[in-house]
Amino acid sequence: MSRDTVPPPVAHPTSGPAQDAAPAPVAHPASGPVRHAVAEPVRVVFYSHDSQGLGHFRRNRALAHALAGGLPGLTGRQVTGLLVNGVAGTSGASVPDGFDVVTLPAVGKSGTGYGPRNLGIGMAAVTGLRSEIVRATLNAFAPDLVVVDRHALGVDGELAPALAELRATRAGARTVLGLREVLDDPSAVAAEWSRTPASVVRELFDEIWVYGDPRVHDLRTTGELPEALHDLARYQGYLSHGRAEDPDDLHPERPYLITTAGGGSDGVALCLAAAAAPVPAGHRHVVVTGPQMADADHRSVELAAGPRTRVVRSVPDAGGLIRQAVAAVSMAGYNTVAESMATDVPALLVPREWPRREQLIRAEGLAEAGAADVLRQRDLSPARIGDWWAGAVDRRVDRSHLDLAGLSAVVRSTVRLTCDGAATSTATSARVDHLADATAYPIPAARSEELRHAG
């Protein structure tokens, strides 16, 4: 399927010479043998506002690993970068070599909007502080590419000054808005876009990367993406194949079933029902409640568990556990779904339906595509999960009809945006298509201890 399904945006001057071939030798007349010039690394900044959970950070981290693993072989340039986010504890562990983390003062979301999570200086002051940190970071780091996850201007417009200054002072830099394939019910999204005008997005961003398959869900036809931005949209595919995996020391006895609830703050009902569900003969069951589930709720899940069900608080990364399971039950957050779609493991999605319908929309789209099954919250019970397991343990699911190669597409898009057009030759495109197959980029065990799974 062609990724450029809409007219391309206006072309911008490229930021440097083609890097597809090896660097040209540089002669030093009086100093001996000819030496090769060392190309400057590609500098990338990934931003996520992160008011709760690690979902946005994990999506950007997957992209960082893809670029670090794929770009050097295509361009002759290494990759170095920063992941700017708002969740404490996301240190340099589990990020690629050459990357580091910048943590912004934390904000939280309530019924009245965003507010400081820790600082007692008022929201306007916190936003101003975050804005200045981002501005200083971009000014000092001088990135070639900035990728902003989900919220184009960050919290309360905090990104606008930094992106405008980058535009004015670094003509070669490219900026991208990265969107998951489902935003929310169109009426809810319309209110968000009213605070982020399309004209401002067009001024500050070169492209919009959508991490999904438009045959499953298309933001342009549902009304989730303003028509004035359609020409900037580039569908990349789900960020599934080639996704980096943290090593895990859980090693459940096989064959096993797995239930995950993302961060866990809203997964109590799912975990209680799954823990009490009858486990098929000859199988074990692992329930991962999530690091953000309240201690009392986690204990209640432990009490509900049967003799063949093991309940754990969190794992470094659920992707590997899902891949080796015989069946998986989960909520329908983007990262968990992307990890599940990379396998042939039957998946039962029990989506959150309030206050956002994003997970329900995602789950229903994948069910219609034949890639997953759906159980609504109103129908959730141990018996329903047990019945599904009984029919799932002996089958596999073919998901080859979905576009799951988003990580390789992002590498190709990065080459196109940051290097001369010669770097996107047919030979280069053929090589990049092999970057995101079913083999994940491994993350060294010594660098994986702090990141916890959040769907």
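Predicted model: local features only at pLDDT ≥ 70, side-chain atom pairs only at ≥ 80, totals over all residues.
Figure 1. From H1, the contact draws on Gly55, Arg58 and Arg59, while H10 contributes Tyr334, Asn335 and Glu339. Sorted by class, the residues of this contact are three charged, two polar and one nonpolar.

**Figure 2. Seven strands form an open sheet with parallel pairing.** The strand order is S5-S4-S3-S8-S9-S10-S11. Strand S5 (99-103) and strand S11 (233-235) are the edge strands, each pairing on one side only. On average, neighbouring strands of this sheet are turned by 25° against each other, direction ignored. Within the sheet, strand S9 (residues 174-180) is joined to strand S10 (residues 207-211) in the parallel sense over five bridges. In this view, Val176 stands opposite Glu207 of S10.

**Figure 3. The largest cavity has a lining of nine nonpolar residues, with no polar and no charged ones.** The space in the largest cavity amounts to about 40 Å³. Its lining consists of Val45, Tyr47, Val84, Val134, Leu138, Val146, Val148, Leu159 and Leu163. At least two lining residues are supplied by each of strand S3 (42-47), helix H2 (123-141) and strand S8 (145-149). Both S3 and S8 also belong to the sheet of seven strands.

**Figure 4. A further open sheet is formed by six strands with parallel pairing.** Here the order is S14-S13-S12-S15-S16-S17. The edge positions are taken by strand S14 (309-312) and strand S17 (373-374), each of which pairs on one side only. Strand S13 (residues 284-288) runs parallel to S14 and is joined to S14 by four bridges. One of the residues shown, Val288, has Val312 in S14 as its bridge partner.

**Figure 5. Helices H7 and H12 are shown with the strands of the six-stranded sheet.** Helix H7 (residues 268-276) packs on the sheet and touches strand S12 (256-260), S13, S14 and strand S15 (327-330). The direction of H7 makes about 165° with that of S13. Helix H12 (residues 382-392) lies across S12, S13, S15, strand S16 (347-349) and S17. Relative to S15, H12 runs at about 150°.

Technical notes. Residues numbered from 1 in each chain as written. Heavy atoms only, no water. Contact = heavy atoms within 4.5 Å. Nonpolar A, V, L, I, M, F, W, Y, C, P; charged D, E, K, R; others polar. 1 Å grid on protein atoms, 1.4 Å probe; cavity = no way out; pocket = protein on both sides within 12 Å on 5 of 7 lines; lining within 4 Å. Points joined across faces, edges and corners; volume = space filled by probe spheres on them. Pairing = 2+ DSSP bridges. Axes fitted to C-alpha atoms, helices over the stretch in contact; angles between N-to-C directions.
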